[in-house]
Amino acid sequence: MNIIRTILAVAVILLTATPPAKAESPEKRKTTSLLLGVGHTNILDTYLSPEKYNGINLTLVSHTMRENASSWARTIHHEGNIAFADNRSGNGGEMAGSYTFRYGVLHKWRLGIGRRTLRVMAGGAVNTNLGFVYNTRNGNNPANARFSLDIGPAVAFDLPLGAPGHFRGVSISPGDCAHYPAVIRYEASVPLAGLMFSPNYGQTYYEIFTQGNYDHNVVPTTIGSTPSFRQMLTVDFRLARTTWRIGYLGTIEQAHVNNLKQHTYTHSLVIGFVKKFNWKPIR
């Protein structure tokens, strides 16, 4: 129970963390991106089948960052996935879907590289994931529900490319006069500890929810039992009065709990647009 209390306490701290009042700036910025991704997925869930399934994955990503001229930023992330995959023989398939909510608090640093400024961000994030896997060949237990809550570090950086200008292009911080032809952005996160729902090996959902046979179905997790990693590398550029974002999204989600193994590996091409809103609050 101590680890559960610790996880929940850290999650509350991250969700309620507020940058120091003295660092507030009169100019604020909200950056929102909406991305659509398509790529390859590899799914394993030994509760349903010992086979690995390969197929196509569709992703919708919404990301919002709120910041000002202070050294802090908040991020809100929504991600939905749907995947369709087949086994090696092609006589069975799986369908998987998930929704992820992520809230992060990041500290910002600016490093000079020649005439450019590398912006580095690092902090922590709370992640919640809800999903399912459905197997078309499994008659007794055709589906498995997934739910997890975890906390862990998150990092990101923005690196502008090309000669800076004052009018057209992409800026990287609120109040910046310099605009660049393109900006490379990278972000990554790793779950360190959390909680996960999982049936036990051979246990049915009928036993859990109808007969009330609880068998450690809410499991504390660490990076050792759920070694996972998410990263995204993109490029922002201006075209037809719109800021576009295109790049790569890769996720490695793994778990080995209750004598069951599961993983989902995805590699996707993402493309979408970015909107930035700058304003000065009235005092």
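# Exercises on a predicted model

In this predicted model, Asp158 and Arg119 are joined by a salt bridge, with 2.7 Å between the closest N and O atoms. The exercises start from this pair.

## Exercise 1. A salt bridge and its surroundings

Task: Find where in the chain Asp158 and Arg119 lie, state whether they are buried or exposed, and name the network of salt bridges that holds Asp158 and Arg119.

Solution. 

Step 1. Asp158 belongs to strand S6 and Arg119 to strand S5 (residues 116-135). The two are 39 residues apart, and the pair links distant parts of the chain.

Step 2. Asp158 and Arg119 are both buried.

Step 3. A network of salt bridges links Asp158 and Arg119 with Glu67, Glu79, Lys108, Arg185, Glu187 and Arg230.

Step 4. The structure has 10 salt bridges.

## Exercise 2. Two further salt bridges

Task: Describe the salt bridge of Asp45 and Arg146 and that of Glu51 and Arg88, and state for each residue whether it is buried, partly exposed or exposed.

Solution. 

Step 1. Between the side chains of Asp45 and Arg146 the N to O distance is 3.2 Å. Asp45 sits in strand S1 and Arg146 in strand S6 (residues 143-161), 101 residues apart, so this pair too links distant parts of the chain.

Step 2. Asp45 and Arg146 are buried.

Step 3. In the salt bridge of Glu51 with Arg88, the closest N and O atoms are 2.9 Å apart. Glu51 is in strand S2 (residues 49-68), while Arg88 is in the loop between S3 and strand S4 (93-113), so the pair ties together parts 37 residues apart in sequence.

Step 4. The relative accessible area of Glu51 is 25%, so Glu51 is partly exposed. Arg88 has 72% relative accessibility and therefore counts as exposed.

## Exercise 3. An aromatic pair in a helix

Task: Classify the ring pair of Tyr205 and Phe209, and say which of these residues is buried and which exposed.

Solution. 

Step 1. Two values describe a pair of aromatic rings: the distance of the centres and the angle of the planes.

Step 2. Rings pair if their centres lie within 6.5 Å, and planes under 30 degrees apart count as stacked. By this rule there are five aromatic pairs. For Tyr205 and Phe209 the centres are 6.0 Å apart and the planes make an angle of 15°, and the pair is stacked.

Step 3. Both residues are part of helix H2 (residues 205-209). They are four residues apart, about one turn of the helix.

Step 4. Tyr205 counts as buried because its relative accessibility is 18%. Phe209 counts as exposed because its value is 58%.

Step 5. Tyr205 and Phe209 also belong to a cluster in which ring pairs link them with Tyr47 and Phe197.

## Exercise 4. From Tyr205 to the nonpolar core

Task: List the contacts of Tyr205 beyond its neighbours within four places in sequence, then describe the largest nonpolar core.

Solution. 

Step 1. With those neighbours set aside, Tyr205 is in contact with Tyr47, Ala143, Asn144, Ala145, Phe197, Pro199 and Thr210.

Step 2. The largest nonpolar core has 12 residues, among them Tyr205, Tyr47, Phe197, Ile43, Val133 and Leu260.

Step 3. At least two residues of this core come from strand S3 (72-86), and at least two from H2.

Step 4. A separate, second core has seven residues, including Leu106, Met121, Ala125 and Ala156.

## Exercise 5. The chain as a whole

Task: Give the number of helices and strands, the percentage of residues that count as buried, and the accessible surface of the chain.

Solution. 

Step 1. There are two helices and 12 strands. Their order from the N terminus is α-β-β-β-β-β-β-β-β-α-β-β-β-β.

Step 2. The chain has 283 residues, of which 46% count as buried.

Step 3. Its accessible surface is about 14700 Å², and 64% of this belongs to carbon and sulfur atoms.

Definitions and conventions. Residues are numbered from 1 along each chain as its sequence is written. This is a predicted model: local features need pLDDT of at least 70, side-chain atom pairs count only at pLDDT 80 or more; totals for chains, interfaces and linings use all residues. Side-chain values use heavy atoms; hydrogens and water are left out. Rings of Phe, Tyr and Trp (its six-membered ring) pair if their centres lie within 6.5 Å; planes under 30 degrees apart count as stacked, over 60 as edge-to-face and the rest as tilted. Buried means under 20% relative accessible area, exposed over 50%, partly exposed in between (1.4 Å probe, protein chains only). A nonpolar core is a set of buried Ala, Val, Leu, Ile, Met, Phe, Trp, Tyr and Cys residues joined through side-chain atoms within 4.5 Å. Contact means heavy atoms within 4.5 Å. Accessible areas come from the Shrake-Rupley method with a 1.4 Å probe; for residues, only the protein chains shown count as cover. A salt bridge is a side-chain nitrogen of Lys or Arg within 4 Å of a carboxyl oxygen of Asp or Glu.
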